[in-house]
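Visitor: I'm new to this one. Can you walk me through it?

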Amino acid sequence: MTIRHLKIFIYVCECGGVTKAAEALHMVQPAVSTTISELEKFYNVSLFDRINQRLVLTPMGKELLVKAKNVLAGFDDFETAANFGGQNPYIRIGSSLTLGKTVLPRYISLIKEKLPNLKPSFFINRTAAIEEKIECGAIDFGIVEGIVRSPYLKITPIGGDRLIAVCSPRDIKKSVCLEELTKYPLLLREIGSASRDLLSKNLAERHLSVEPFAESVSNEALVSLAKDGHGIAILPEGIVKDAIEHGSLCELTITDAVLMRTHYIVTHKNKRFNSLCQAAFHLLSEQAATCC
């Protein structure tokens, strides 16, 4: 089996079928089908179920897809590092949405100042998406808040932040308990986000639940809705601090809960850095700790 077999397997999974994978790889369809058959026969494993002329990954196929991506990412790292004499200047860094606003801009400036030979690229998304990218080797390391579930990843705590309730200054009430909060129109991040997970955990501990008035992957969209008086947003303090200082939002005190989150630097347990990338990792650790 070769790297080519793994690459074709990954393309079939990501493209959703043999035909589209063949087009993306500029191959003929029978050659792609043959490659998948060779993989299955060589390892005596079923990677796909054939259902209504569609390929559906089996549970084993899903597990092997993660490992195939790790192998391919490691091979890409090897080639790049070898081409640059062991000092691969390219690095891929992930950030959650909140820390992408509060930590990442200053970090990028520091890289340009202190590590001018480094060539970074950045991926900003939900914590779960960053975790997935690091696990499969598509990102070298990242900074996130909230729960990291993968057993393949190493987390290093570097501080934290607080979620607060904010609303339009036109709203008179200044404090609520969690049970009262659930009776208001709430503006929340999507299920699976670190912010939503923390709020849901605190509500569940009191046998409470909530149906949000609006939910979004965008902190900025929720801020805008809150400013216009459409409900109460539960958001990281760093995201709404400027709006509170400028008077377009005010904090609504939650009397029976403190919604604190931990921030983490996340790496794969098997990840190895050259000295240049190690310097970038330490720079992020130092920068994030001062901002959290």
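Guide: A term to begin with: buried means under 20% relative accessible area, exposed over 50%, and partly exposed in between, using a 1.4 Å probe and protein chains only. This is a predicted model, where local features need pLDDT of at least 70, side-chain atom pairs count only at pLDDT 80 or more, and totals for chains, interfaces and linings use all residues. Residues are numbered from 1 along each chain as its sequence is written, and side-chain values use heavy atoms, with hydrogens and water left out.

Visitor: OK. Is Phe 9 buried or exposed?

Guide: Phe 9 has 2% relative accessibility, so it counts as buried. Phe 48 is buried too, with a relative accessible area of 3%.

Visitor: How many aromatic pairs are there?

Guide: Five. Rings of Phe, Tyr and Trp (its six-membered ring) pair if their centres lie within 6.5 Å; planes under 30 degrees apart are stacked, over 60 edge-to-face, the rest tilted. Phe 9 and Phe 48 are edge-to-face because their centres are 5.9 Å apart and their planes at 75°.

Visitor: What about Phe 141 and Phe 281?

Guide: Those rings are also an edge-to-face pair, 5.3 Å centre to centre with 90° between the planes. Both Phe 141 and Phe 281 are buried. Phe 141, Phe 273 and Phe 281 form one aromatic cluster.

Visitor: New topic. Which residues touch the most other members of the largest nonpolar core?

Guide: Tyr 107, Phe 141 and Leu 284, in a core of 20 residues. Such a core is a set of buried Ala, Val, Leu, Ile, Met, Phe, Trp, Tyr and Cys residues joined through side-chain atoms within 4.5 Å.
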